[in-house]
Amino acid sequence: MTRKSEWHVLTLVTLALTAFGIVMVYSATSASAAIGGANPMSYLERQGTYAVLGLALMLVASRFDYRRLRALAPVLILVALGGCAAVLVIAQPVNGARRWIGFGPASFQPSELAKLALAVWIAAYLAKREPPHSLRELWRPIGVLVGLFSILILLEPDLGTTIAITVMVGAVLLVAGTPLATLSGALGISAFLGVAAVWVEPYRRARVFSFLNPWHDAQGAGFQMVQAQIGLGSGGIFGDGLGQGVQKIHYLPEAHTDMIFAVIGEELGLVGAAALILAYAAFAWAGMKVALECKDPFGKRLAAGVTTLVVGQAAINLAAVLGLAPLTGIPLPFVSYGGSSLVVELVAVGILLNIAGSGRRAAAEMPDRSRRNGRSRPARARGGGRVAPPRRARDVRRVAGSR
């Protein structure tokens, strides 16, 4: 089967962003590591290892029939719930948060798996049922499950992942045909709960107030946003050159993770930053085209969820670095340093590639619902008799020549 243009766009954009991310992680970490007497190649080696593992799993996922994920959806949900609960108990705090479970030299972030597991489960649930037409229908079981994950993730604490999950669920519900009035009501409730979650935590309130006026406390709560704006502004049109940035050297906090876009703007300028944004726009176009053209209800909803996970996180991260939204701690997909996020994102792209390659054939391969074995019904005459054999060419000529 000939692969369509969106399949190639998804593949090329993903590979390009992953390779670009490895380069930028090295650029953002090597100078400060060398000044501090550490190994300048350490982050490069780890990110490269995660990328190789993620690309291998992406290849496997792209050849694994995505329809089989429907049966695995409950298992994925249980594993993700167990991981999000376990991380609150056994994880060691890092910067005041319990988000990673250590496995020797490596670590895993269960909330990253939770995003993909929820996308698979909600797509499977809505593929065989009518979309919710009221808040009561939406509440059970989708609202209960999303709320349970949100509570566990907020306890880590991690507001950014909770926002990403909410955006993804909203996109899947929209594609499934949920009325806009129901979605608007759910969005209003989510926004109210989000404001409450921000207000009860002092550091979140400080982030919101620093977003409104970061220069008011440039050495305190607004320090990170101010340094990001300085880096973006100093890059100009073409940037200072790859590896020549200054903000990443003990000025810009989390330069290799949440704020790596500021490093890109400083070193590659407006041209590099615009090219990166265009890459995510191309990914969004290709992913949504796959979702709209997919004939399988499960594949359509899953493609929309995966695309929104990637593009939504990118939009939230870019908005925060540019000063258009408060900082939430969401990494830039494929580019920021992080093993769990990179591996899970590449697996999600592999699933999306499988949908792009086989989702259009779902209508021709739709099983007969009246048969218990799920196989297609063989051709039979309506009266129950045998199917008439095809006419011979001589018989056709005889009929055509008669009056």
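1. Basis. The model is predicted, so that local features need pLDDT of at least 70 and side-chain atom pairs count only at pLDDT 80 or more, while totals for chains, interfaces and linings use all residues. Residues are numbered from 1 along each chain as its sequence is written, and side-chain values use heavy atoms, with hydrogens and water left out.

2. The chain as a whole. The protein chain has 13 helices and two strands, these being DSSP runs numbered from the N terminus (helices H or I, at least four residues; strands E, at least two). Of its 403 residues, 47% count as buried, where buried means under 20% relative accessible area with a 1.4 Å probe, protein chains only. Among contacts (heavy atoms within 4.5 Å) with a separation of 6 or more, 73% join residues 24 or more positions apart.

3. Helix H2. This helix covers residues 42-63, 22 residues in number, and reaches 32 Å from its first C-alpha to its last, close to the 32 Å expected at 1.5 Å a residue; the expected span is 1.5 Å times one less than the number of residues. Its buried residues include Ser42, Tyr50, Gly54 and Met58, and the buried residues of H2 pack against helix H1 (5-35) and helix H12 (339-358).

4. Helix H9. The 13 residues of H9 (residues 223-235) should span 18 Å, and the end C-alpha atoms are 19 Å apart, which agrees. Gln224, Met225, Val226, Gln227, Ala228, Gly231 and Gly235 are buried here, and what covers them includes helix H8 (202-212), helix H10 (260-293) and H11. After H9 comes Gly236, whose phi is positive, near 65°.

5. Cysteines. The structure holds zero disulfides, taking a disulfide as a pair of cysteine sulfur atoms within 2.5 Å. Cys84 counts as buried because its relative accessibility is 0%, and Cys294 counts as buried because its relative accessibility is 3%.

6. Cavities. A search of the whole structure finds three cavities of 30 Å³ or more, a cavity being a set of points on a 1 Å grid over the protein atoms alone where a 1.4 Å probe fits but cannot get out. The largest cavity has a volume of about 70 Å³, and its lining includes Glu112, Lys115, Leu309, Gln313 and Val344, where lining residues have an atom within 4 Å of a point. Helix H4 (110-127), helix H11 (297-321) and H12 each supply at least two residues of that lining.

How values were computed. Buried < 20%, exposed > 50% of the residue type's maximum accessible area, 1.4 Å probe, protein only. 1 Å grid on protein atoms, 1.4 Å probe; cavity = no way out; pocket = protein on both sides within 12 Å on 5 of 7 lines; lining within 4 Å. Points joined across faces, edges and corners; volume = space filled by probe spheres on them.
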